[in-house]
Structures are given as structure tokens and as C-alpha cells.
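Here's a quick look through one model, region by region. Have the viewer open and follow along.

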Amino acid sequence: MVASSRVTRRDTTRDELSARAHARGPRSSRLRLSGAGVLLAGVLGLEVAVMTRPGPLPGGPAVLYLVLGWWAVALAAVAVLARMAPGRALTVLLLVGAVAVHALALTSGPRMSDDLYRYAWDGKVSSAGIDPYRHATDSRELAPLRDRWLWPDPAGCADLGRRPGCTRINYPTAHTIYPPVAQAYFAAVHYLPGPPRENKIQMYAAVLSLLLTLLLIRVLPLFGHPPGLAAVYAWGPAAGLDVGMDAHVDVLAVLAVVAGLALLARARAGPIDGGGAPAGTGPPAGGGAGDRERDDARTFRSRPSRRVAVAAGALLGAAVAVKLYPALLLPAAARRRPVVIGAAAAVVGLSYLPHVAVVGTDVLGFLPQYLSVEGYAEGHRFLLLGLVGLTGTATKTAAALMIAATALAVWRTDPTRIPVERAALWLVGTAFLVATPAQPWYAVLLAVLAVLAGRLEWIAVAIGPYVLYMALFRNLVISDTYARPGGYVLGAAAVALTAGVRWARGRWRTSARAGT
């Protein structure tokens, strides 16, 4: 009976989205198709412009302005694609755009980050039968593994603007920071066939990115949203720049997260409040403009089976063992089935166990130093908290309390009313606004959660790290005092404003209905 209701719900969601799109007529569909093509051309043009900017990583300020324009065009494409009928034509269009974005990225080296060189090195170390956590990168024990690509000769170092004896790998005196599942991925890429050097790592990141795009297209109707929302990721800088050019392993973690959340979402059944719309059905345009009254009226009959919960927890645990921050999702995912946390912890523990047996506490790698380098140990990185006058220990205490309070609030929410993807978005989004990370590629997870939840206003927060990251390296038009927190300030304002509008609309609709 439950399986039947799941199928019925998915089919109803797709049918309603398709009916709404077809109701606009064939001429409207052709216009939207043409508009999407023009916007895709704009996306590709901006990508080329980002690639061709001169200078060392991360490039000049123009890179930031082009990336902001790229986000704007990708969001405009969503406004068009989300109104197209779900089906083969839309899927093909989304995938053609995604493939084009990654094909262009393969013609470029890294643009904003050099992390992929670390990936290549860790994979090479593992392939030599050496635990990647055992030695620092520049240790004498690993010297026989050095090659002219990652350890250029004096002429190559001069081309990079560095002294003789340089390496392309960042933090060469440190041990690796990446968790075990990421290390397994690096080793796999080392063994797999492909083009040389950077392009090989980029190619496999592109494969993961296209798999993520396909998964989003497939599961978005399950979450109640049109598949066209996938363009936010697939045609935007998250895919083209952070994954395509810079090949960040975060895409593997996000792929596991989406798969895990989709398993939990499948457990939803039809509404029990007597309404006719299937649970989770959102407006055809997505974009976070959902009706609050309808959202609050949704309830679901079932909860995940133990087997589904364990599988979802295992996927989330795998994501944590790629990059640690997906652990933020666990309170949202485990509300109905706490076994999710146990399964996730088991996967993380088992993945670390062989390395702990070999190198002990060295598996922590560069993590403690990283927190200090990024300013978290001293409390400098919490930029929004700094704006209200908090410093040092007070800042760290306030940050910890805010994130813990959000996690507790999410844990106590009714999972029959607040779906897992929205609760997860609240947690990750709050963590971004509190911790204000500088790495744009961390925001791939936030952007994808915004898509799954149909709350695209959170993309404004995902853009914040781009502004901060560039401000750390380059002088922007406005002073650092305003530029560094500025992106996050605007992102927080966009989320607050949208939430206020949504609340006001819900109140107005409730009052109007009461008046009738």
C-alpha cells in the first residue's frame, strides 16, 4: 500500500507539472526553448570570459564580477526552464547545457583554487602503497614520488612566479586534510585512464557532476519541484567553475547527500488533511516562492523503513567521509529514524579505522592547523558576528550556541510538516551565515539543498563566499571592511526579506479565506 502511494504521488506530481506547462500552449513552449538557448549561450560566454582572465589564481577582480553575472544568467535560465513541461526535451536540454559547461571547463586549468594538485598527489601516494596520512607532503620519505608536473624544475617554478624547489601543492609542509572516502576517490582517479595532469582530475569531477545533474532531474519531482530547477547547479558556476575547472571533491559528497535525502523523501505518502495536491508539490517556477499556507498544511502518513533509514544514513556518512561539513545534515535526516545517525557514524568510523590502525591520530592531518589558518581558532572568521562587536572567545561561543540551537530546533520540528530537505537547508544555511567560510566550493552543497527545497533565495548566501574569497586576494572596488562580509550581509538580507514576504502572503491568504 505504501509503495503504491509513493508511485501515485510521484506520477501525480509529474502529471501536474506537465499539465501546467502544456496549458500555456506550443507557442509558449517554443519561446521558452528559444529563451533557454539564448541564456545557455550567455552562460557559456561568461564561462569563457572567466577562463580567459589573466593572472595567477584566483585572477583579478573581473573574475568575481563575471562569476556574479554567471549566477544571474543561470538563475534567469531557471525561470524559463522551470516552466517547461517535464520530459525528454527538457532533460536533453539540461544535459546538453551541462555537458557544454564541462566541455569548456576541460579546456582550462584551475581558475580559483589549486586543490586539485593535492588530490593528484594524495592519489599517487596511496597508489604507492603508502598511507596518505603518514607523511607531510614535502617529507624526504615521499621524495622518490615527485615528478616534474607537481614539483617543477627551476624554469617551471619561474613560470609560476615561485622560487626553485617549488611545488604546485598547497601547504606542502602539512599532512593531508581529506577524509578516507575522498582519499579512495583520489586513488581511483590515479588508476583510471584519462587525459594527463589537470584534465584527468577535471574529467572525473565532470563525470560526477553530470551524474549529480541527472540525479537532480530525476528526484526534483519527488521533492515537489520541476526538474528545470536543476539548471541552478548544472549551468551555474558551482558546476562550471568549482567542479568543472577546479575539480573540487565536494561534488562527490553532494552526490551522496542528494541520494540519501532522496531515499528519505520517497517515504512520503499522500496528504492526510484531505487536500487533493500531492505532498511536496511546489509551484512550477520553483524559486522559493512556495505558498506558506500550502506548505504548513502538508502532512505525511509514513516514515522511512529501518532499511531505508540505514541506507540513507550510510550515504550521508559517506558524504561526511568525503568532506566533514555534511555532518550538519544529520539532525534533519534522523528526526524520524535516529538510526540514520548510527549508520552514518558507522560508515565514517569504518572508513577511518584502517588508517587509524596504521598512523594513529595523524589521520587528523592538517585539520587543526587549517582551523587556525582560516581564523576560526582565534574567532576572526565569524564575520557577521564580528559586525555586532563580538571578538575572540565570545565569538566562538556565540557561533557554537547558534549552530547548536538551530540543530536542536530542527531536531524538534515535526518531520511530517517540515520536509528533510528544508530542515537540512536551514542547518547548512545557518552554519554558512555563522561561520562565513571563504571557500566558494563549500557552497555547492548549500546551492543544491536550495534547489531540493525550492528555496532559491539561499543562492544569495551561496554567492557570499565568492565575494569574500576574492576580497582576501584582491582589492575590490570597495574597502575590505565592507567587501569581505558584504556578500554574506546581502545574502542574509535576501533570505530574511523573502521569508518575510512569504510569511506576509501566508497571513494575507489566511485572512482572506477567513473573511469568505
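Where is Ile478 found? Ile478 sits in the loop between helix H21 (459-473) and helix H22 (480-515); helices here are DSSP runs of H or I, at least four residues, numbered from the N terminus.

## Ground rules

This is a predicted model, where local features need pLDDT of at least 70, side-chain atom pairs count only at pLDDT 80 or more, and totals for chains, interfaces and linings use all residues. Residues are numbered from 1 along each chain as its sequence is written, and side-chain values use heavy atoms, with hydrogens and water left out.

## The patch around Ile478

Ile478 is partly exposed, with a relative accessible area of 48% (buried means under 20%, exposed over 50%, partly exposed in between, with a 1.4 Å probe and protein chains only). Together with Tyr65, Leu68, Val477 and Tyr482, Ile478 forms a nonpolar patch on the surface, about 540 Å² of accessible area in total.

## Helix H5

H5 (residues 115-127) has 13 residues and reaches 19 Å from its first C-alpha to its last, close to the 18 Å expected at 1.5 Å a residue. Because 11 of the 13 residues are buried, H5 is largely enclosed by the rest of the structure; Tyr117, Arg118 and Trp121 are among them. Just after H5, Gly129 takes a positive phi of about 80 degrees.

## The disulfide

There's one disulfide in the structure (a pair of cysteine sulfur atoms within 2.5 Å). Cys157 and Cys166 form it, with sulfur atoms 2.1 Å apart, and the link is left-handed, at -100 degrees about the S-S bond. Cys157 counts as buried at 0% relative accessibility, and Cys166 counts as buried at 8%.

Methods: Patch = residues over 30% accessible without salt bridge, like charges linked within 9 Å, V, L, I, M, F, W, Y side chains within 5 Å. Areas by Shrake-Rupley, 256 points an atom, 1.4 Å probe, with all protein chains shown as cover. Salt bridge = Lys/Arg side-chain N within 4 Å of Asp/Glu carboxyl O. Helix = DSSP H or I, 4+ residues; strand = E, 2+ residues; numbered from the N terminus. Expected span 1.5 Å × (residues − 1).
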